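Student: Please bring up the model. I would like to go through its local features with you.

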Amino acid sequence: MTPPRTAEVAVPIPLRTPLHYAVSADLDARALPGTRVLVPLGRRRVVGYVVARDTPPPPGVALVPLAAVLDDALPTFAPALLEFLAWMTRYYRAAPGEVFRSAHPAGTNVRGVPALRITSAGRAAAPAGVVGAALERLRAADGPTHLDALDPTPSPSQVARMVREGWVERLEIVEPPRVEVRTEDAWRAVSPAPTAPRGPGGKPLKRDVIHAWMVGRGAVPASALREAFPHCRPHLQSLVEEGAVVREALEVLRDPFFGAAVPRDARPTLTAGQRAAVDAIIAGDGYRAFLLHGETGSGKTEVYLHAIEAMLARGRGALVLVPEIALTPQLVRRFRARLGDALAVVHSGLADGARFDQWRRLRRGEVKVAIGARSGVFAPVADLGLIIVDEEHDPSFKQGDGVRYHGRDMALVRGHLEGARVVLGSATPSLESTRNVEQGKLIRLNLRGRPTGGALPPVELVDLRLTARAPDDHWFLSPPLRDALAETLARGEQSILFLNRRGFSSFVQCSTCGHALECDQCAVSLTFHRARRQLRCHYCDAARPLPPTCPACHRKSLELLGRGTERVEEALTTLFPEARVARLDRDTASGRKLEALLGAMRDRRIDVLVGTQMVTKGHDFPDVTLVGVLDADASLNFPDFRAGERTFQLMTQVAGRAGRGQRAGRVLVQTHDPAHPCLLAIRDHDHAAFCGYELTNRRLTGFPPFTHAVALRVDGRDAGRVETLARRVAAVLQRAGAGQDGTRLRGPAPAPLGLLRGRTRWAMLLTATRRDALHRLLAALEAADPQAPDTRLVVDIDPYDFL
C-alpha cells in the first residue's frame, strides 16, 4: 500500500514541533516546502507554513487533510530562507510557527473567525434578553455571522446555551487578509488601430485616436489615460465592446519613499583604506565575515556602496541592516542617490501595505537590494551575495519579545548558509565582535581618518563637582556648555545636545512628604510630558493627568524634578531666544515627521538639535561643530554588566557627529566621575584601551563574550506563585547539572524591574563556556516543564536586557 502524501506544517501557536497533515492529490503539486497553507486546528482553521514533505507522522496519529494552498505562484519562502528559519527555530528553541510568522509580512494572511448560524429550531425560538436579540439578528442575517457582529454580543455561556438548545451551530468564517495587493484599472490594446478615418466628414473617431495612442504601450493605467484624454471612459467602453481593448487590473505599488525624489550623486574616488576594504570584501566566492572598524566619519557607507555595486555586477543581491528606523531614511536617501530606486525598504515604520509591496518585489526578483531594520534579516533577497550590518554594536538589533533573535547574529548565520559575504560595520564594535576577531571568526578591516581630511573632535570632560552651578532653573546646562553653545551660534554653526531621557521631568515628587508619583503597574517613576500635560510610564505607556495635589498628603507641593529632552528644549529656547531649536526623540519622530526633521537639520533650518539616542546613530550633518552630552553618569550606573560598553558606544557615536565637514568640531561631556576608565577612553578616542579594560573585567566575572548566556524570567500577577516557579526552575537546572561543566546559575532573585505591567518578575542568569552545555540544560528544563497558574517563563538566549 502506498503511504499517504504528507506535509509537516508549522502553525502559529506555541508548539515546539510542526504538525503532520495529509495532502490530497489535487494539492500535492502545489504544497511545496515554504508554501502557506490553510489547515484545520481544533475547531478553527489557521494559516501554516509547509516545512517538509512526506516525512513519517508520529505513530498512531490520524491525519487530517490540508484545507487549501494559499500561494499561487512562488512559495512564500524560498529553500534558502526556509533552511535559515529552521536553523533559527532550533537555536532559539522557539515555536516554528511563530518564527515563520515573524518572517512574513503582517496582515497578509487569511483569518478564521468564530461565527454562528441559526437553525430551524432557532428560527422558532423566542427567548428573552441578549439571547433573544442574538437570535433575531441571526434570523435577519440568514447566514453565518461573526460573533462581534451581534449587538449585544452574547457571553460564552450564552453561546453555549444556544448551541445546547439546538438553536445555532458553530461555524468559522475565513476572512480575507487585512492587507492585499493594491490594483488600478488598466486597459491594453489587443489589435491594431484603424488607419482610415471612421468619423463624420472623414475625421477620425475619438476612440480611434485613443486606440492608436495605446498601441504598443502595454497595460495603460486609468490615471495615465485620464491625463492624456480627459473624459475617455465612454470611448474605452466602446473599444472594449469592439474587442480592440481589454480591461485588466494593474498592480500599484505603495510608495515607501513618501514621494520624495533624490538626485543622483557622483561616485567618489575611494581612499586607500576604503579601496583595500572593498577589495577584501569582494575577493573570491563563498562565505566570509568581516568586522569593518572605522572611526566616525571614516567613510564606511561608501565601502558598503562599492561592495554592493560589485555584487550587483555579478548578478547577486545585497541586504543592508540598520539598527533604528530613524537611520533608515538617511541611508535610503544615500543609496537611492547611488543605485536609483531599484531597492526595497523593509521596516516597521512603513504601513503594512507598503511593506507587503516591498516584500513581493524582492520575492519576485524585481529588485536585488533591501534596506531594513532588525526584521530585514528575513527579507527574501534572491541569490544573496552580501549582507551588511551597520552599527553592528547597537542593542536594538536584539528582539525584545516574541522570538528573541539577534539581527546581527542571524545575519552571520544566514550569510553562512547562503554562501554570502557578511560585513559588520561600526566605529565602536561590540565586545562580542572584538572577541570573534581574536578567535578568527571575523576578519578585521580598519578605516582610519576621515575622507574630508578632518580630525576627530577633541572631547572635554566637564567635571560637574568643580563647575559652578548656573543661578537659574536650567542647572543641567553647565556654564562651559552654555558658553560653547553661544560661540557656536555666533559662528552660524549647528549643535547637538544628547540626553537619553525623553519627556519634561523624569520624576514628580512632593516637597512636603517626599512621595514620588509611580506607575500603578510598573515599579518605575512616571515621567511628566509638558506638551501633552500628562504623566506617562515609559514601560507600559500608561498615562494620566498631573494631579493638582499630592496623592499622599493632599498638599499642593508637587515638584517637577529631573530633566528630559522636553525640558532641555524649553531651557534652550529661554537662554537662546534667537536660536532655532528642535527635538528628536520617540515623541517627535515617526514616518514623515522624522524625514522632515532630518531634512530641516540637513538644510540648516535648525541651529540646536536636542535628542535621545536617536541623535547618536549615523547621522551626517557637516555643519554640526558642537556636541554636548548632558549626563554621562546615568548610563554608566545602570544595573547591567554591559553598562560601560553601552556608555562608551553611545558617547563615542554622538561625539562623532561633530566636525564631519570642513570645520573642526568640539565635544563637551558633563559628568561627576571624570576619572572613570570608560570616560577617559572616550576622551582619548581610545577604543583599544576601553576593550582591554572591559574585557579583563568580563573574563574575571565570567560574563559574555567569555561565556554564553541565557536569561530566564518568570512573571505573573501573584507574587508568591512567581517566586515559587522561579525557585522550581532553578531546582530543575541544578538537578540537571547547572554549576558543573563550566556552567553557572546566578539567581533566582527579584528582577531589577520587579513589577512590569502589573506582573511581578523574578530572574536568573545561566552562563556556560560552551553552547552545547547551555542547550543540554535547557532541554532538561523543557522536559520537566515546570509550571504555575497564571505565570509565564521566558527563556532569552543571548540576552541584552537584564531589567
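Student: Is His685 buried, exposed or partly exposed?
Tutor: This is a predicted model, where local features need pLDDT of at least 70 and side-chain atom pairs count only at pLDDT 80 or more, while totals for chains, interfaces and linings use all residues. Residues are numbered from 1 along each chain as its sequence is written, and side-chain values use heavy atoms, with hydrogens and water left out. Buried means under 20% relative accessible area, exposed means over 50%, and partly exposed is in between (1.4 Å probe, protein chains only). His685 has a relative accessible area of 35%, so the residue is partly exposed.

Student: Where does His685 lie, and what is its phi?
Tutor: Helices (H or I, at least four residues) and strands (E, at least two) are DSSP runs, numbered from the N terminus. His685 sits in the loop between helix H21 (677-683) and H22. The residue is not a glycine, yet its phi is positive, near 55 degrees.

Student: What is the phi of Arg93, and where is this residue found?
Tutor: Arg93 is not a glycine either, and its phi is positive, about 50 degrees. Its place is the loop between helix H2 (79-91) and helix H3 (96-102).

Student: Which residue does Asp631 pair with in a salt bridge?
Tutor: Side chains of opposite charge can pair when their charged atoms come close. The rule asks for a side-chain nitrogen of Lys or Arg within 4 Å of a carboxyl oxygen of Asp or Glu. For Asp631, the closest N and O atoms are 2.6 Å apart, and the partner is Arg563.

Student: Why does the pair of Asp631 and Arg563 tie together separate parts of the chain?
Tutor: Asp631 lies in the loop between strand S28 (624-629) and helix H19 (633-636). Arg563 lies in the loop between strand S25 (558-561) and helix H17 (565-575), so the parts joined are 68 residues apart in sequence.

Student: Are Asp631 and Arg563 buried or partly exposed?
Tutor: Asp631 has 21% relative accessibility, so it counts as partly exposed. Arg563 has 16%, so it counts as buried.

Student: How many salt bridges does the rule give?
Tutor: One of them joins Arg491 and Glu493, with closest N and O atoms 3.0 Å apart. The count by this rule is 66.

Student: At roughly what angle do helix H10 and helix H11 cross?
Tutor: Two packed helices are described by the angle between their axes and the distance between the axes. Axes are lines fitted to C-alpha atoms, for helices over the stretch in contact, and angles run from 0 to 180 degrees between N-to-C directions. The axes of H10 (residues 272-282) and H11 (residues 300-313) come within 9 Å and cross at roughly 40 degrees.

Student: How many disulfides are there, and how far is the nearest cysteine sulfur from that of Cys510?
Tutor: A disulfide is a pair of cysteine sulfur atoms within 2.5 Å, and the count by this rule is 0. Cys510 is in no disulfide; the nearest cysteine sulfur belongs to Cys553, and the distance is 3.6 Å.

Student: Which residue does a cis peptide bond join to Asp151?
Tutor: Omega of this bond is about 0 degrees.
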